[in-house]
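Hello,

Here is the structure I promised to pass on to you. Please have a look at it first, and then read my notes below.

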Amino acid sequence: MVIQQAKPLALWGTAPAGDTVVLAADWRKAPVRVVADAAGQWRGSLPVPAARPRDFTPHTLTVRCKKEKTTLENVLIGEVWVCSGQSNMDMEMKPALPWLRGVVDYEREISAADYPAIRLINIENSFKKTPQSNAKGTWLICSPRTVGDFSGVAYFYGRELQQRLQIPIGLVVASVGGSACQAWTSREALAADPLLRARYLTPYEQSSQAAESLDSIKTLEKLFEVLARPTLLYNAMIHPLKNLSIRGFLWYQGEANKKDGADYTALCTAMLRGWRRDFNQGELPFYYVQLTPYNWEEKDSTATYYAHLREAQEAMLQVRNTGMAVTMDVGEADNIHPRNKQAVGLRLARLALARTYGQPKTLEVGPQLKKYTVKGSQVYVYFAPRSLGTGLTTTNQRAPRHFYLAGADHVFHPAVAKIVQEHLVLTSTRVPKPVAVRYAFTNYPITNLANQQGLPAVPFRTDAWDQ
């Protein structure tokens with residue numbers, strides 16, 4: 001496994017009441033001794049040194065009590081990230097037909113994945129009504145033999161960090177396909193917010209579902225219904241991890257909350273704050289994926305509920321130490337599990353490298369709206385200077401797509417967009433007097449506007465007419 005550098009490693013377990021448990025590590029001379037309490041519970045921690053670049057020394061831990069001893073070998077010291085969400089985080093490198101076709105070029109990617117300093121543990125899927133102390137999983141060393149079972153997003157994220165930082169990377173994947181954000185949120189976090197309590201918690205606790213035995217869940221249809229119930233995944237798959245020292249969180253979720261709109265901001269914020277309280281390591285970084293375009297089998301090019309959810313995701317950036325990876329250019333309108341997980345992992349890694357690891361030359365954001373001005377029938381769109389990188393471009397050498405203009409009648413029409421130096425000029429023959437702009441504000445627009453570093457522009461709207 002990989003343990004978090006420069007933070008204490010918590011160890012806990014059971015022993016006869018009053019017995020002394022000795023915790024030792026090969027990187028320190030003096031062991032730590034703790035005494036089991038009256039209930040036979042013990043807990044201690046070992047200081048862990050900072051990782052050194054290109055140091056992949058395997059370490060040994062021992063836990064001893066009288067004549068019993070447990071030894072943990074091949075332990076690396078590096079950076080540990082918890083990766084959570086639903087199926088797009090869970091999606092493995094290899095195909096799982098008919099639903100998952102594997103990541104792009106998975107045969108070559110898997111055969112080249114010889115990175116023994118990357119380790120991953122999949123937390124066994126489970127749901128419980130009360131917070132659990134333990135969860136199950138097995139650490140895997142990254143190799144062509146094992147990496148097919150790795151989360152694609154987590155693997156490409158970890159590989160980029162490992163190559164750039166030259167230290168071991170540990171990936172703790174706690175994700176379940178089809179799961180809703182409220183299922184990953186603690187009861188305390190939901191109960192503390194009147195809106196969340198009324199929308200998610202109280203209806204569940206007052207329903208017959210709350211009394212239903214989880215052992216009775218037998219069908220796939222019933223399982224997906226359970227995965228929308230509040231707290232159940234948090235209880236089984238996040239709460240047991242709270243004593244783990246980590247660097248931060250990755251999050252790719254929202255499809256199951258696609259019609260929650262602005263409420264998703266409060267929900268995901270409450271979830272994160274609850275996690276940060278549990279892990280008790282300050283404002284741990286939280287880097288998340290803005291949802292990738294998908295048509296939901298409706299083929300309705302005017303639908304906007306998914307765009308509203310993306311807008312709610314972007315509002316999460318108001319929370320300290322968060323960052324959002326935009327994926328509007330790498331979606332597949334007819335596939336809810338798009339295969340280009342390389343771009344997703346790399347963009348999350350850019351966020352971490354720039355903001356957590358302080359690499360100033362790493363640009364982590366695509367063009368972000370700064371302001372717009374109207375001059376007659378033309379609209380000029382300007383972007384935040386840093387987000388431009390070395391300039392605006394399109395990924396297919398065509399004009400920027402998915403811009404819309406509206407006049408005083410609030411009716412949006414497609415606009416022609418032209419890149420002029422570091423801004424855009426928009427026009428529409430059907431809108432002679434524009435007052436509002438929208439960019440990629442529909443359910444499944446595959447975009448092409450980006451900066452020269454290949455990071456896509458962030459969707460936006462300047463109106464608030466259909467809240």
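**Asn451 and its surroundings**

A polar atom of the Asn451 side chain lies 3.0 Å from the backbone nitrogen of Leu455, a polar contact being a pair of N or O atoms within 3.5 Å, where within protein one must be able to donate a hydrogen and the other to accept it, and residues adjacent in sequence count only if both atoms are side-chain atoms. Before I go on, a word on the source: this is a predicted model, in which local features need pLDDT of at least 70 and side-chain atom pairs count only at pLDDT 80 or more, while totals for chains, interfaces and linings use all residues. Residues are numbered from 1 along each chain as its sequence is written, and side-chain values use heavy atoms, with hydrogens and water left out.

Asn451 belongs to strand 22 (residues 449–451); helices (H or I, at least four residues) and strands (E, at least two) are DSSP runs, numbered from the N terminus. Asn451 is buried, at a relative accessible area of 1%. Here buried means under 20% relative accessible area, exposed over 50%, and partly exposed in between (1.4 Å probe, protein chains only). Beyond its neighbours within four places in sequence, Asn451 has contacts that include Leu363, Pro367, Ser387 and Thr393, with contact meaning heavy atoms within 4.5 Å.

Gln253 sits in the loop between strand 11 (248–252) and helix 8, and is buried at 0% relative accessibility. Its side chain reaches the backbone oxygen of Ser179 at 3.0 Å and makes a polar contact of 2.8 Å with the side chain of Asn257. Leaving out residues up to four places away in sequence, Gln253 touches several others, among them Gly85, Cys181, Tyr264 and Gln313.

The side chains of Asp334 and Lys299 are joined by a polar contact of 2.7 Å. Asp334 also touches Tyr294 and Asn295; Tyr294 is 40 residues away in sequence, yet the C-alpha atoms of the pair are 6.2 Å apart.

**Helices**

The axes of helix 5 (residues 194–205) and helix 8 (residues 263–279) come within 10 Å and cross at roughly 100 degrees. That makes helix 5 roughly perpendicular to helix 8. Leu195, Leu196, Arg199 and Tyr200 of helix 5 meet Asp263, Ala266, Leu267 and Ala270 of helix 8. By class, the residues of this contact are six nonpolar, no polar and two charged.

For helix 9 (residues 305–315), eight of its 11 residues are buried, including Tyr305, His308, Arg310 and Gln313. The buried residues of helix 9 pack against helix 8, strand 12 (286–289), strand 13 (322–325) and strand 23 (460–461).

**Cysteines**

How many disulfides are there? The count comes to zero, a disulfide being a pair of cysteine sulfur atoms within 2.5 Å. For Cys142, the closest cysteine sulfur, in Cys83, is 13 Å away, too far for a bond. Cys268 is in no disulfide either, and the nearest cysteine sulfur, that of Cys181, is 4.4 Å away. Cys142 is buried, with a relative accessible area of 1%, and Cys268 counts as buried at 1% relative accessibility.

Best wishes

How values were computed
Axes fitted to C-alpha atoms, helices over the stretch in contact; angles between N-to-C directions. Parallel < 35°, antiparallel > 145°, perpendicular 65-115°, else oblique. Nonpolar A, V, L, I, M, F, W, Y, C, P; charged D, E, K, R; others polar.
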